[in-house]
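Subject: Structure handover and notes

Dear colleague,

I am handing over the structure below, and my notes on what was found in it follow. Please read them with the model open beside you.

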Amino acid sequence: MTVPTPLAAAPTRRFAPARPAGRHRPPLDGQRITLLKQKARFVRTETVRLISIAKTGHYASSFSCAEIFAALYYDTMRLRDGDPQWTERDRFLMGKGHAAVGLYPLLADHGFLDHAVLDEYTRLGNPLGDHPDMRKVPGIDFSSGSLGHALSAGLGMALAARVVGADYNVFVLLGDGEQQEGQVWEAALSAAHHEAARLIAIVDRNQYSLDGRVEDVMRIEPLADKWRAFGWQVHETDGHDIASLASTLRSLADDMERTQPAILIAHTIKGKGITYMEKEFGWHLGWLAPADEAAAYVELRSGHDDDA
Ligand SMILES: Cc1ncc(C[n+]2csc(CCOP(=O)(O)OP(=O)(O)O)c2C)c(N)n1
Ligand SMILES: [Mg+2]
């Protein structure tokens with residue numbers, strides 16, 4: 001006889017109240033898109049600025065998900081400025097924690113931490129490290145850096161919401177190289193089994209990991225089919241097309257009928273925004289000398305990153 005666990009016995013919809021007012025958003029019109037593009041550019045310029053303080057960092061990994069960060073933090077997620085512990089907030093976990101340098105400026109922008117803290121990025125005693133620490137940084141929901149764990153942790157948070165009757169969404173950003181971690185697939189199985197519909201994963205499908213093309217290191221395609229076979233609802237979009245990204249994320253966040261977890265495969269370019277970094281895996285970790293840094297600002301501000 002099969003004895004259902006309390007979680008398995010709890011269909012998601014029974015625990016999903018109507019979306020409260022906190023999730024009303026303005027129309028996704030030209031003005032809104034312009035704002036989101038500006039925020040993505042802010043992620044890139046701040047990434048350059050902070051890495052110049054640390055003198056090493058993950059430019060390319062942050063650049064590929066700049067639009068994803070912008071869409072989540074300025075359009076999709078339910079957040080309350082200045083209140084990083086708000087219990088009703090949507091959660092965000094980064095499997096690819098090494099790109100946290102691009103996220104910290106957004107946390108400061110939302111009043112979760114003081115802007116001055118950014119200016120001391122990675123210095124001794126500063127809470128902001130190359131990888132995010134939930135015990136030190138307000139607004140970080142999960143400490144990451146060791147690839148592969150965030151989806152399992154996010155699933156736990158999604159199931160916890162069901163138990164307490166909360167309706168927050170849990171977003172988990174995964175790298176495409178991170179898809180090679182076995183733990184990701186245990187979480188995938190488990191989330192589908194438990195019908196964790198409020199769990200929304202996003203894959204930054206930038207084609208590269210640390211030391212080469214993902215397909216050369218260890219093949220992950222056909223990726224969408226794999227997730228579908230694991231019982232997930234799968235979507236794909238251009239991860240630099242902010243309008244498409246934001247509208248897809250809105251529909252995933254607001255879909256109260258879905259009974260499966262959902263995943264958005266966002267096709268991106270590693271290093272997007274600085275021509276010589278694009279698709280060049282050598283820039284996974286690096287440092288721009290001052291003259292190159294000045295040129296990087298010029299290129300980023302010229303709108304090269306804005307052409308999606
Ligand atoms: C468990 C684990 N193994 C290895 C590493 C070293 N590492 C750091 S980043 C990285 C590549 C990640 O590639 P991907 O997930 O595609 O991220 P992105 O391209 O967005 O930087 C690796 C292997 C790690 N952080 N954790
Ligand atoms: Mg990658």
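To begin with one pair of helices, H6 and H7 are roughly parallel to each other, because an angle under 35 degrees counts as such and the axes of H6 (residues 150-164) and H7 (residues 182-193) cross at roughly 25°, coming within 8 Å. Please bear in mind throughout that this is a predicted model. On the H6 side the contact is made by Leu-151, Ser-152 and Leu-155, which meet Gln-183, Val-184, Ala-187, Ser-190 and Ala-191 in H7. Sorted by class, the residues of this contact are five nonpolar and three polar, with no charged residue among them.

A second pair is formed by H1 (residues 30-54) and H3 (residues 66-76), whose axes likewise come within 8 Å but cross at roughly 125°. That angle makes H1 oblique to H3, and the crossing in which H1 passes H3 is right-handed. From H1, the residues Leu-35, Leu-36, Lys-39, Ala-40, Val-43 and Arg-44 take part, and they meet Ala-66, Glu-67, Phe-69, Ala-70, Ala-71, Tyr-74 and Asp-75 in H3. Here the contact has nine nonpolar and four charged residues, and no polar ones.

Some details of the backbone also deserve a look. In the loop between H1 and H2 (59-64) lies Lys-55, which has a positive phi of about 65° although it is not a glycine. Just after H11, a positive phi of about 95° is found at Gly-303.

Finally, which residues come nearest to ligand 1? Of the 19 residues around ligand 1, these are Ser-61, Gly-175, Gly-177, Glu-178 and Ser-209. Taken by class, the shell around ligand 1 holds ten polar, five charged and four nonpolar residues.

Methods. Residues numbered from 1 in each chain as written. Chains lettered and ligands numbered in written order. Predicted model: local features only at pLDDT ≥ 70, side-chain atom pairs only at ≥ 80, totals over all residues. Helix = DSSP H or I, 4+ residues; strand = E, 2+ residues; numbered from the N terminus. Near = placed C-beta within 6 Å. Nonpolar A, V, L, I, M, F, W, Y, C, P; charged D, E, K, R; others polar. Axes fitted to C-alpha atoms, helices over the stretch in contact; angles between N-to-C directions. Parallel < 35°, antiparallel > 145°, perpendicular 65-115°, else oblique. Contact = placed C-beta atoms within 7 Å. Left-handed = near helix turned anticlockwise from the far one by under 90°.
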